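Hi everyone, thanks for coming.

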Amino acid sequence: MRTPPTDGPQAGRPSLGRRIVSRIDPFIVGMLCAVLLASFLPARGDVADALGVVVVVAVGWLFFLYGVRLPTSDAVAAVRDWKLHSSVLGVTFVVFPLLGLATQLLAPAVIPVDLARGLLFLTLLPSTVQASIAFTSIARGNVAGAVVAASFSNLAGVVVTPLLVALLLGGTVGFSADSIGKIGLQLLAPFVAGQLLRRWLAPWVLRHKRLTTITDRGSILLVVYSAFSHGVVDGIWTSVSLGSVVALVVISGAMLATVLGLTTLLGKRLGFARPDRVVLLMCGSKKSLATGVPIATVLLPAATLGYMVLPLMIFHQLQLVVCSVIARRMGEQAEPEAAVTR
């Protein structure tokens, strides 16, 4: 009986199937499950109202944790690098919206008007925090710079995103000063509170990283389920065809590829060191689902919420999968380089 080899290039190597499975992010699986659950068992009536309250608390908790985690000393040190952070903000709130406006030129036969507006809406949102920092770390980039860049993006988004929504989406939103106040109360106030209490709470949070990660991701899953429940109740699956979903995937992929290419080129043209080029690439190419859904809930009519959230969800999945692969490869490339320079 022939025994398998115990040495050689294949020894100790997991099978292709096991390697693929190991690369599947459980968070992505969780989000897909939340979508499926909302599709078949959407929250309705009193349950939906109660879930809405829970979501508000969950999002506030997320931003409170962001405030606790962000070392003030790192923030102050990284803030000095205005060139890097202004580049990230420029890509997030100028380049992306221009791409969103370009999608509005597509014929309704390619993408329905409601979904095209959803594409525009997602381009107006700030960057992610967790994913940007995690991918920057995996790619061996400037983690402190990523923390500040992503946080700046979200803080700016509290004001900039509603203004852009009012300007570019016009009569489709119910924009008012009260809307900005609600967003500031839900996002900015918890973040500031976390910063103020960081001195006492940071040690506990750092000791219980797994617990805080679970609550972070659980909160986002709740937000996704709640938002998609609105869409299902409003009949999103009866008015959105499979062809429209495919078109959303293709257009979202094209936008993501364009931004990844532009941020790579821009980082080199501006003369950034490799760690800062990673920050621009990873922070500049992201759009926040956790921030975007609450903003959509506050700014947009309930009848349009599902159409606005669906493109964001698709783009979110794409950015996680694509940037995960890119970050791993960049990290693997950085290790030999670091070994050579030692």
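Let's start with a pair of charged side chains. In this predicted model, Arg-117 and Asp-114 form a salt bridge, with 3.8 Å from N to O. That distance counts because the cut-off for a salt bridge is 4 Å. Where do Arg-117 and Asp-114 lie? Both are in helix 6, which covers residues 113-123, and they sit three residues apart, about one turn of the helix. If you're new to helices, here is the handy idea: an α-helix has 3.6 residues a turn, so residues three or four places apart point the same way. And side chains of opposite charge can pair when their charged atoms come close.

Now come with me to Thr-103, in helix 5, residues 82-103. Thr-103 has a relative accessible area of 5%, and it is buried because that falls under the 20% cut-off. What does the side chain of Thr-103 reach? It reaches the backbone oxygen of Gly-100, at 2.5 Å. Setting aside neighbours within four places in sequence, Thr-103 is in contact with Ala-116, Leu-119, Ile-251 and Met-255.

Let's zoom out for a moment. The chain has 15 helices and zero strands. Of its 342 residues, 46% are buried. If you take contacts between residues at least 6 apart in sequence, 88% of them join residues at least 24 apart.

Why can we call helix 14 largely enclosed by the rest of the structure? Because nine of its eleven residues are buried. Among them are Leu-289, Gly-292, Pro-294 and Leu-299.

Next, empty space. Rolling a probe the size of a water molecule over the atoms shows where empty space is left. How many cavities of 30 Å³ or more are there? By this rule, one. The largest cavity holds about 30 Å³ of space. Around it you'll find Phe-63, Tyr-66, Val-129, Ser-151, Asn-154, Leu-155 and Phe-191. Helix 3 (45-69) and helix 8 (143-169) are the elements giving two or more residues to that lining, and helix 8 has the largest share, with three. By class, the lining of the largest cavity has five nonpolar residues, two polar ones and no charged ones.

Last stop, the second largest pocket. Its space comes to about 330 Å³. It is lined by 13 residues, and the closest to its centre are Leu-32, Val-35, Trp-237, Leu-310 and Ile-314. Helix 2 (26-40), helix 12 (242-269) and helix 15 (305-341) each supply at least two residues of this lining. Which helix gives the largest share? Helix 2 does, with five residues. And what classes of residue line this pocket? Eleven are nonpolar, two are polar and none are charged.

How values were computed. Residues numbered from 1 in each chain as written. Predicted model: local features only at pLDDT ≥ 70, side-chain atom pairs only at ≥ 80, totals over all residues. Heavy atoms only, no water. Helix = DSSP H or I, 4+ residues; strand = E, 2+ residues; numbered from the N terminus. Buried < 20%, exposed > 50% of the residue type's maximum accessible area, 1.4 Å probe, protein only. Polar contact = N/O pair within 3.5 Å; in protein donor to acceptor, adjacent residues only side chain to side chain. Contact = heavy atoms within 4.5 Å. 1 Å grid on protein atoms, 1.4 Å probe; cavity = no way out; pocket = protein on both sides within 12 Å on 5 of 7 lines; lining within 4 Å. Points joined across faces, edges and corners; volume = space filled by probe spheres on them. Nonpolar A, V, L, I, M, F, W, Y, C, P; charged D, E, K, R; others polar.
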